[in-house]
Amino acid sequence: MSESGSLKPDQVSGEARLEYRWAAGGTTGEFLQALRDYRRILGAVCGGCGMVAVPPLSYCEICGGDTDELREVGPRGVVTSWARVIEAPQGSPVEAPFRYVLVLLEGADTALVHLAPDDDRVDVGVTVVPEFREGRSGAVTDIKWFVPEG
Amino acid sequence: MRDAAVLGWAQTEHRRRAVGETPQSMVFEVVTRALASCEMTIRDIDVVIDAGSDLLDGRSTSNRAVIDAMGAHFKEEIKVAGDGLEAAIYALMRVTSGYSSTALVVAYGKSSETPARCQTLALSDPFYLRPLAVDALAAGALQARFYLHEYGLGSDAPALVAVKNREAGARNPYAQEKSPVTLEEVMASPELISPIRRLEACPVTDGACAVVIADRQTSRAASVRPAWISGTGHGADPYSPGARTLYRTESAARSARKAYAAAGISDPLSELGVLEVSEYYSYQELMLYEALGLCGEGEAADLLASGATGTGGGTVVNPSGGVLCANPLVATGLVRLAEAAAQVSGRAGEVQVDGVDRALAHSSGGLAMQFSSVMVLEG
C-alpha cells in the first residue's frame with residue numbers, strides 16, 4: 001500500500017474481439033445450402049474408401065481420399081451418445097435444459113454432433129428425426145435439433 | 001535407446017488464480033528453478049522450445065513477449081502450438097539428431113484471465129461445432145457416455161478415478177486441489193454436462209513448467225541422475241468426434257505402441273511402475289488404461305477397482321493427483337513429463353513411489369482427446 005492508502009493495481013482489463021468471415025468452402029457451402037433451401041442433409045462420399053461422412057468435408061478424415069460427390073442422407077438417424085446440459089453454455093442456440101447428441105443418420109458412416117430436447121426418450125439406440133427452423137440462414141443450426149421419431 | 005535424457009525440471013505451485021503473477025514471471029520462475037535443478041545455467045542451453053496459447057495470452061504469436069523470460073533471446077527458439085509434451089518431443093528430436101546438445105522446454109497457461117469454457121469452445125470449427133456451443137466439456141461428455149454405454153458401465157466407474165487422484169493429490173505440494181474426496185461426494189457433486197460431474201472435471205489453473213532435455217554425452221556427464229527417454233510416440237485422431245470410434249482413443253494406443261516398441265516394453269502393466277496421464281475428465285483415465293495397454297478393452301473399471309493403479313498398487317497412475325488436481329492448460333502434459341522424470345530418478349519427494357524403474361508420461365489435446373503424445377522414461 002502506498003502512503004495515500006491506495007492499493008497497487010492488480011490487473012488491467014481489455015477485450016480482444018475480432019469479427020471473422022470464415023470461408024465455408026465448396027463442400028460445406030453446399031451442405032449449408034441444402035439445409036437452408038431444401039431441408040436436406042448431405043454427406044460426403046469418399047472416392048477412396050466409399051465412406052459417407054456427415055458433416056461433409058472435401059477430403060476423407062478416415063482414409064485421406066478425395067470427396068467424390070455429396071449424397072443425401074437421413075433424415076432419420078440413430079442416437080449413438082447423448083449428454084444432458086442443465087446450464088446453457090455461452091453461445092448456445094437453444095435454452096437449457098437440452099441434450100447434445102451424436103446421431104448416425106441413415107446412409108452415413110460417421111455421426112453428426114447436434115442437439116436434442118431434454119427428453120428421457122433421447123437415449124442410445126433411439127431413432128430421431130431433424131426439426132428444421134423456419135427462417136433458415138444457411139447454418140448447421142438450421143436444424144433446431146433432433147427429436148424422437150413418432 | 002539411451003540417446004537423450006531429462007535432466008532437470010520445475011513446476012509452479014498451481015493455483016486457481018495466480019494473483020500477482022504474469023505469464024512471464026511464472027515462466028522466469030520455472031526456467032530458473034529447472035536449470036538450477038540440474039546445475040546448469042542458461043548459457044548451457046542450445047535451443048528453447050516452448051508451448052503457449054495465443055488465445056489464453058490474448059496476444060498474437062504469444063511466445064514473442066515471453067522470449068526474454070525464457071532466456072531465449074540470442075538463441076534458437078521455436079514455439080509449438082499444442083501441449084508442452086509435444087514441445088518436449090520436438091526437443092528430443094533436436095538432441096537425438098545431433099542438431100542441439102541441450103534443449104530447454106517451457107510451457108505455461110494462465111486460464112484465470114479469460115472465461116474458461118470460451119477457451120475450449122475456440123477449439124471447435126466455426127461451421128459444424130461452434131454454432132452448437134460444442135466445447136471440450138460437451139465433446140468429453142459425449143465421449144464419456146459412448147464409452148460407458150459400450151461396456152455397460154455405471155457412472156460411478158469413472159467417479160472412482162476422482163477419488164483415487166484426489167487422494168494422491170493431497171500429498172503433492174504443487175497440486176491445486178489438495179483435499180481428498182469420497183465417492184459419495186463425487187457422485188453428489190453437480191452435473192456439469194452429464195455424465196460428467198464437477199468433481200470429475202479438471203480445475204481451472206494458472207501454472208507453468210520447464211524441463212531440460214540433453215543428448216547422451218551431456219546426460220552421461222551430468223551431475224544429476226538422468227531420466228533416460230527410451231521411447232516416444234505422437235499422433236492424432238480425425239478432427240470430427242463423430243468420425244471416430246469414440247469409445248477408443250486410437251491415437252493414444254498407436255503412440256504407446258510406438259513408444260513401447262522403442263523401449264522394449266511388451267507388458268506395460270508389469271513393466272511400468274508409474275504412469276502420469278492427462279485425464280481432463282475422470283472417464284479419460286479409464287479409456288487411457290486401455291489405450292496404453294494396461295488392460296484389454298472394457299477392462300479399465302475392473303483394473304481401477306482392483307487397486308492396481310492406486311497408492312500402493314503395482315502400477316501407480318497419477319501419483320501426483322493428475323490433471324483433476326491441477327490443469328495448467330498447455331503445460332499440463334509437460335507437468336506429466338516432469339513428474340515421470342522425477343519418479344524414475346528418485347526425486348519425486350512427497351509423491352515418490354518406491355522402486356520405479358520405468359514411467360510413462362502422456363498428454364492429450366483437442367476435443368475428446370484428439371491428440372496424443374507419449375514418452376517412456378527409465379532411471
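Select Arg254(B) to begin: with a relative accessible area of 54%, this residue is exposed (over 50%; buried is under 20% and partly exposed lies in between, with a 1.4 Å probe and protein chains only). The model is predicted, so local features need pLDDT of at least 70 and side-chain atom pairs count only at pLDDT 80 or more, while totals for chains, interfaces and linings use all residues. Residues are numbered from 1 along each chain as its sequence is written, chains are lettered from A in the order in which they are written, and side-chain values use heavy atoms, with hydrogens and water left out.

**Helix H9 of chain B**

A salt bridge here is a side-chain nitrogen of Lys or Arg within 4 Å of a carboxyl oxygen of Asp or Glu. Both residues lie in helix H9 (residues 250-263) of chain B, four residues apart, about one turn of the helix. Helices (H or I, at least four residues) and strands (E, at least two) are DSSP runs, numbered from the N terminus. Glu250(B) is partly exposed at 23% relative accessibility. Next select Arg257(B), whose side chain also meets that of Glu250(B) in a salt bridge (3.9 Å, N to O). Arg257(B) is exposed, at 52%.

**A network in chain B**

Select Arg2(B), Glu271(B), Arg358(B) and Glu378(B) together: salt bridges link them in a network. Over all chains, the count of salt bridges comes to 30.

**Across to chain A**

Now show both sides of the interface. Contact (heavy atoms within 4.5 Å) takes in 31 residues from chain B and 35 residues from chain A. The two chains bury about 2,900 Å² between them, 65% of it on carbon and sulfur atoms; buried area is the accessible area (1.4 Å probe) that two parts lose on being put together, summed over both. On the chain B side, pick Tyr128(B), Leu132(B) and Leu142(B), which lose the most area to chain A, together 26% of what that side buries.

Which salt bridges cross the interface of chain B and chain A? The rule finds two. For one, select Arg17(B) and Asp10(A), whose side chains meet at 3.1 Å, N to O. For the other, select Glu191(B) and Arg84(A), with their closest N and O atoms 3.1 Å apart. This pair runs from strand S5 of chain B to strand S4 (residues 77-85) of chain A. Glu191(B) is partly exposed at 29% relative accessibility, and Arg84(A) is partly exposed at 21%.
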